[in-house]
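This is a short report on selected side chains and their pairings. Please read it alongside the sequence and the model.

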Amino acid sequence: MQRRSTVAVTGTLVLALGLAACGSGGGSGSETTGGDEATDFSGETLTVWIMEGTNPDADAFFDEVTAAFEEETGADLQIEFQPWASAHDKFTTAIAGGTTPDVAEVGTTWTGEFADVGALADLSDRIAEAGLEDDLVPGLVESATLDGGVYGMPWYAGVRSVVYRADLFEAAGIEAPTSWDELVAAADALKAANPEIIPFPVAGDSQYGAMPFIWGAGGDLAVQDGDTWTSEVSSPESVEGLEFYTGLATEHGFSTAAATTWKETDLLAAFEQGQVGMMISGSWTPGKIVSDVPDMEGKIGAFPIPGQTEGLSDSFLGGSHLGVFEASEKQDLAWTFVEMMTTGEFAEAWGQQSGYFPGQTSLLEKVIEEDDPMVAPFAQQMVEAGRSVPVTPLYGQIQGKKTLETMLQSILSGSATVQEAADTAAADMDETFGS
Amino acid sequence: MADLRAAPGASLDPAAPADRPTSGTAPTGGTRRRRAGGLGHRSPLRPWLLLAPGLVVLGVLLLWPLVRVVLLSLQDYGLRQIASGESNWVGLQNYADILGDSYLWTTVLPNTVLFALACVVLTVALGTAVALFLNTLGGFWRGVGATAIMVAWAVPAITGTYVWVWIFDPLNGLVASVLEGVGAIEPGTVNWFTERLSFYAIATLNVVHHGFPFVAITVLAGLMTIPNELHEAAKVDGASAWRRFWSITAPILRPVFAVVTILSTIWDFKVFTQIYLMPGGNGGNKDVFNLGVWSYIESFAQGKYGMGSAIAVLLTLILLGITLVYMRTLFKEEEL
């Protein structure tokens with residue numbers, strides 16, 4: 001039943017694509033013409049790299065995709081899973097050796113980098129042909145855009161908000177905060193009621209935890225002026241946000257010295273052990289917490305990161321694109337696969353199974369309508385206050401040298417003041433931007 | 001070091017069986033044939049011919065990557081160059097950048113050198129002490145002891161590092177719990193990974209713990225070759241254990257100590273895993289980088305492969321220099 005309807009949907013899409021291709025009169029870059037040819041790729045094999053671990057049941061998912069894809073196009077699908085940790089190196093060597101796959105899942109912060117060296121194909125014409133350009137989550141399109149071209153098809157996205165212990169909040173009569181002052185008050189009340197709890201650990205090895213506060217105070221990481229970027233982390237607004245965020249640890253004592261070197265995974269582990277009251281955490285973590293520690297079921301909640309005085313603070317919108325490699329000789333087949341994965345039923349199923357949000361706006365709206373208490377706050381964060389890091393390959397280098405983490409750790413360990421650390425970070429960024 | 005040790009072994013395998021009738025016989029056979037056959041002009045070439053297969057393998061596997069790293073270190077080489085396959089020569093710019101960077105002189109080099117120095121001294125001292133202890137035991141208990149310390153050696157560096165990180169975990173670690181138990185600290189108030197000195201103290205524990213079994217086993221093997229009579233004679237003369245170690249054991253084992261010291265120095269200079277996997281060691285805390293981590297971060301985290309290669313070449317040159325000094329001291333003393 002499920003299978004048949006899936007095929008029907010994708011069939012319609014492919015047909016629509018074929019018609020659209022006919023209608024455009026060959027003005028596009030695609031060399032194949034005619035709707036009938038688009039459905040007959042029998043004998044061909046499409047190689048696809050997918051990152052490991054996003055979907056706990058990826059094998060079953062891709063069995064279905066492969067069957068549907070073969071039925072639709074006649075071509076075989078070869079899915080190869082890659083671990084995130086070594087994926088960047090693997091891409092680099094594949095680009096160097098000319099052994100790239102036809103299609104790959106590319107992390108949103110890498111797309112610009114690979115597009116910049118000419119490894120990825122521009123998909124903007126195909127997206128327009130398919131009539132999808134107004135139905136994609138803007139933040140994900142932004143991170144795939146380089147010099148007017150779109151080099152990755154938005155697939156799924158995740159965003160960080162605050163995950164908290166609803167049971168402790170309720171017992172102490174605390175409401176979910178809606179401003180920074182209320183956040184401090186909530187942490188104070190939580191600490192008073194549960195002295196053994198770390199109310200709000202500030203993880204020093206997590207850049208994404210600091211960004212909402214830099215943005216929330218009106219600051220920014222870097223701004224573009226023409227072709228050049230300039231760091232903004234030492235601006236008065238950014239510093240104000242950083243002072244508040246690190247102040248949660250250094251002034252209010254809501255954190256612990258241990259958290260100075262914590263990564264997000266350490267934060268999650270401490271939360272799962274019941275030591276943490278609130279934390280900045282991803283939309284994909286509540287499901288993991290409950291499956292790791294079944295006792296937590298019903299004891300956790302989430303709220304969007306509050307704005308300084310009202311509204312929300314922006315949070316980093318991360319996720320994955322599906323990119324088609326320029327070197328692939330199967331551009332049409334590759335696009336058929338990309339469209340099948342990122343729109344309609346398969347995109348929806350992937351989101352449900354993995355705890356991420358689909359990259360298609362119409363699907364995302366459907367998720368929001370469901371109003372799941374563990375999903376809705378993240379969805380709200382994503383739609384109303386999702387934001388991308390500076391879209392330039394140089395920012396990848398800055399992330400590589402962990403400029404923001406270095407800044408956070410030096411503030412939290414007390415080896416530098418907020419202003420000093422921010423100045424160092426800004427100089428470090430500008431050095432990379434300048435080269 | 002690898003070249004010296006591997007060359008004879010690698011060349012024997014392919015060459016020896018093929019040429020057994022002539023070269024495999026006793027030296028006298030060779031000289032007689034040379035005199036009789038007048039084939040003397042071929043003999044200077046022959047060793048090289050026999051070595052050729054091994055040298056070719058070594059050249060491809062060892063020499064070419066080395067040459068490649070040196071070539072890379074003279075370029076501004078990033079993802080763009082990798083993708084296009086083009087070269088981008090900048091001469092000695094990378095070296096000038098590194099050597100002109102005060103970060104190298106104030107942080108990276110002191111970290112690398114002092115850490116390696118501490119590790120080598122402690123590893124060799126502890127290893128020797130354990131070897132001396134094992135040497136006094138009977139056969140059974142010596143076997144038990146040797147097996148026990150070999151376990152520390154067999155543990156992969158990654159696993160060992162995580163164990164030490166857990167032991168020193170500021171919140172839930174063993175050390176924090178014990179110190180809490182005696183009322184010294186409140187858990188979570190002290191983070192040993194953020195301070196350069198305490199960070200390296202933990203790293204030193206880890207590296208010494210991982211490295212001493214090799215020294216212990218090697219020195220033990222050496223100790224067992226020292227004739228007992230020497231010690232007995234010295235005892236009769238009234239020499240203390242301390243005196244006997246420095247007057248008998250140490251001089252006899254000098255070559256053994258030289259080998260373990262050189263190897264330990266090489267290993268401890270290029271420590272990477274044990275630093276990189278510690279909290280803050282992967283880039284978040286620039287105070288704790290050593291040359292290996294710095295090279296990795298530059299190359300792979302930032303895609304500046306030229307700069308990373310230059311750091312790696314620098315590390316190799318330092319190691320070559322140190323090894324050279326060691327070898328010279330060793331040979332000079334043997335000549336005396």
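Are Asp205(A) and Lys402(A) buried or exposed? Asp205(A) is buried, and Lys402(A) is buried too (buried: under 20% relative accessible area; exposed: over 50%; partly exposed: in between; 1.4 Å probe, protein chains only).

## Basis

This is a predicted model, in which local features need pLDDT of at least 70 and side-chain atom pairs count only at pLDDT 80 or more, while totals for chains, interfaces and linings use all residues. Residues are numbered from 1 along each chain as its sequence is written, chains are lettered from A and ligands numbered from 1 in the order in which they are written, and side-chain values use heavy atoms, without hydrogens and water.

## Salt bridges within chain A

Asp205(A) and Lys402(A) form a salt bridge at 3.0 Å, N to O (a side-chain nitrogen of Lys or Arg within 4 Å of a carboxyl oxygen of Asp or Glu). Asp205(A) sits in the loop between α8 and α9 and Lys402(A) in the loop between α17 and α18, so the pair ties together parts 197 residues apart in sequence.

A salt bridge also joins Asp332(A) to Arg126(A), with the closest N and O atoms 3.0 Å apart. Both residues are buried.

## Between the chains

Asp116(A) forms a salt bridge with Arg80(B), the closest N and O atoms being 2.9 Å apart. This pair crosses between chains. Asp116(A) is partly exposed at 30% relative accessible area, and Arg80(B) is partly exposed at 45%. Over all chains, the count is 12 salt bridges.

Key:
Helix = DSSP H or I, 4+ residues; strand = E, 2+ residues; numbered from the N terminus.
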